[in-house]
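Hello,

Here is the structure I promised to hand over. My notes follow below it.

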Amino acid sequence: MKTFEELESAVRSYSRGWPTVFEKAKGYRLWDTAGKEYIDFFAGAGALNYGHNNADMQQKLIEYIERDGILHSLDMGTTPRKEFLEKFQEIILKPRELDYKIMFPGPTGTNTVESALKIARKVTQRQTVISFTNAFHGMTIGSLSVTGNSFKRKGAGIPLNHSVSMPFDQFMENQETLAYLESYLEESGSGLDLPAAVILETVQGEGGINAARIEWLQKVEEICRRFDILLIVDDVQAGCGRTGTFFSFEPAGIKPDIVCLSKSIGGAGLPMAITLIKPEYDQWEPGEHNGTFRGNNLAFITATEALNYWVTDDFSNHIHERAAELKAAIQSIIENYPELNGEARGRGLMQGIAVNVEGLATKICSEAFERGLIVETSGPKDEVVKFLPPLMIDEEGLSKGLCILEDSIKEVLK
Ligand code: PMP
């Protein structure tokens with residue numbers, strides 16, 4: 001029989017960074033086959049905001065399967081789909097006075113971004129889409145063309161066309177990054193020469209936990225309106241409560257033309273994505289964008305259950321409390337370990353420490369794994385230790401994880 005290392009040597013996967021076989025998980029904890037416990041500060045890259053094996057979601061799934069509920073149904077009407085649509089309108093869109101058409105573009109984050117890029121081009125009849133430095137929007141040709149990571153772009157093997165990258169907020173020292181955008185648009189002329197859309201993450205997840213300022217987001221929206229360009233917010237990672245509100249753009253009071261959601265929209269880590277489109281831009285004929293796995297009924301069940309967290313402000317308040325604890329801990333680590341040359345980043349429970357010493361962030365994450373904490377790097381040079389715990393984590397879990405982190409930092413700085 002092959003050893004784990006032999007098997008994994010033929011596979012390209014996360015298992016290289018976290019070399020063990022995980023067996024079970026609950027809430028913010030995972031266990032491997034040796035029974036070792038790990039605290040999860042990764043949360044399935046943001047797909048597990050409500051934790052592993054949430055008891056209510058688990059119960060609903062079991063009941064549904066036991067009564068022979070339909071599993072696969074493309075985009076047909078089913079009870080779980082109907083219930084999700086009703087609740088999403090009632091709990092999420094209506095109270096926020098948001099009017100969107102909802103479409104299911106396919107199972108993943110990349111699928112929702114791809115659909116957003118297509119619809120923006122179709123309704124404007126223009127080609128170019130503006131994106132930002134260090135943005136991450138997905139791995140297919142279209143979504144990769146608006147992704148700022150040059151290493152990932154090289155994976156396509158061809159030039160990626162019809163996109164223009166602009167400096168993201170705070171990425172041009174002593175310069176107003178939006179002046180750059182405005183002058184580009186002024187020079188683009190008018191009508192069909194203009195870009196179709198601007199796409200952005202309010203907090204760049206893969207790009208290094210770079211949080212745009214509220215005023216910056218408001219100004220981007222104003223510029224989009226002035227030049228008649230669509231604004232797409234990719235809330236695949238920053239959405240579903242990650243930054244403290246259901247949509248990450250809520251504090252800015254902006255109303256994007258298109259919103260991309262995936263990862264935690266499914267509630268329990270099941271594949272699901274939705275694209276929200278302002279009604280006037282819902283111009284696809286039936287069949288112009290389809291796909292086999294658009295209506296995962298198990299995901300609709302857990303997604304509907306997840307919406308219950310948003311009926312009151314309790315969950316939001318809980319996230320803000322944990323976020324403040326995390327922020328304070330990060331601040332004290334930066335002060336206590338000047339060797340890290342660290343910088344605090346992020347918003348809500350999407351935070352990080354940029355470690356300005358080459359290779360050190362990766363070493364910290366490896367050491368943390370040995371000590372029972374799952375934490376990942378992000379940023380163009382893997383320079384950021386990124387904290388993405390499940391949002392339901394309690395004070396004890398957060399502080400336990402942070403203790404492991406601090407011990408790991410001490411060890412690698414020895
Ligand atoms: N957009 C953002 C902001 C993301 O963080 C990701 C995934 N990290 C994607 C799109 C792509 O999602 P998926 O991996 O599910 O295709």
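**What surrounds the ligand**

The ligand is surrounded by 15 residues, and the closest are Thr-108, Gly-109, Thr-110, Val-236 and Gln-237. A residue counts as near a molecule if its C-beta atom, placed from the backbone, lies within 6 Å of it.

Two points on how to read this. The model is predicted: local features need pLDDT of at least 70, side-chain atom pairs count only at pLDDT 80 or more, and totals for chains, interfaces and linings use all residues. Residues are numbered from 1 along each chain as its sequence is written.

Helix H5 (residues 109-124) gives the largest share of the shell, three residues. By class, the shell has four nonpolar, eight polar and three charged residues. (Ala, Val, Leu, Ile, Met, Phe, Trp, Tyr, Cys and Pro count as nonpolar, Asp, Glu, Lys and Arg as charged, and the others, Gly among them, as polar.)

**The seven-stranded sheet**

Seven strands form an open, mixed sheet, in the order S4-S12-S11-S10-S7-S5-S6. Strand S4 (101-103) and strand S6 (163-166) are the edge strands, and each pairs on one side only. From one strand to the next, the twist averages 20°. S4 and strand S12 (residues 274-277) run antiparallel, joined by three bridges. Ile-102 has Leu-276 in S12 as its bridge partner. H5 lies across S4, S5, S7, S10, S11 and S12, and runs at about 165° to S11.

The terms: helices (H or I, at least four residues) and strands (E, at least two) are DSSP runs, numbered from the N terminus. Two strands pair if DSSP finds at least two bridges between them. Axes are lines fitted to C-alpha atoms, for helices over the stretch in contact, and angles run from 0 to 180 degrees between N-to-C directions. Contact means C-beta atoms, placed from the backbone, within 7 Å.

**The four-stranded sheet**

A second open sheet, also mixed, has the order S1-S2-S3-S15. S1 (22-26) and S15 (373-374) stand at the edges with a single partner strand each, so one side of each has no neighbour in the sheet. Helix H13 (residues 395-413) packs on this sheet, touching S3 and S15, and its direction makes about 105° with that of S3.

**The whole chain**

The chain has 13 helices and 17 strands. Its C-alpha atoms fill a box of roughly 60 × 60 × 45 Å along the principal axes.

Best wishes

Technical notes. Two residues are in contact if their C-beta atoms, placed from the backbone, lie within 7 Å.
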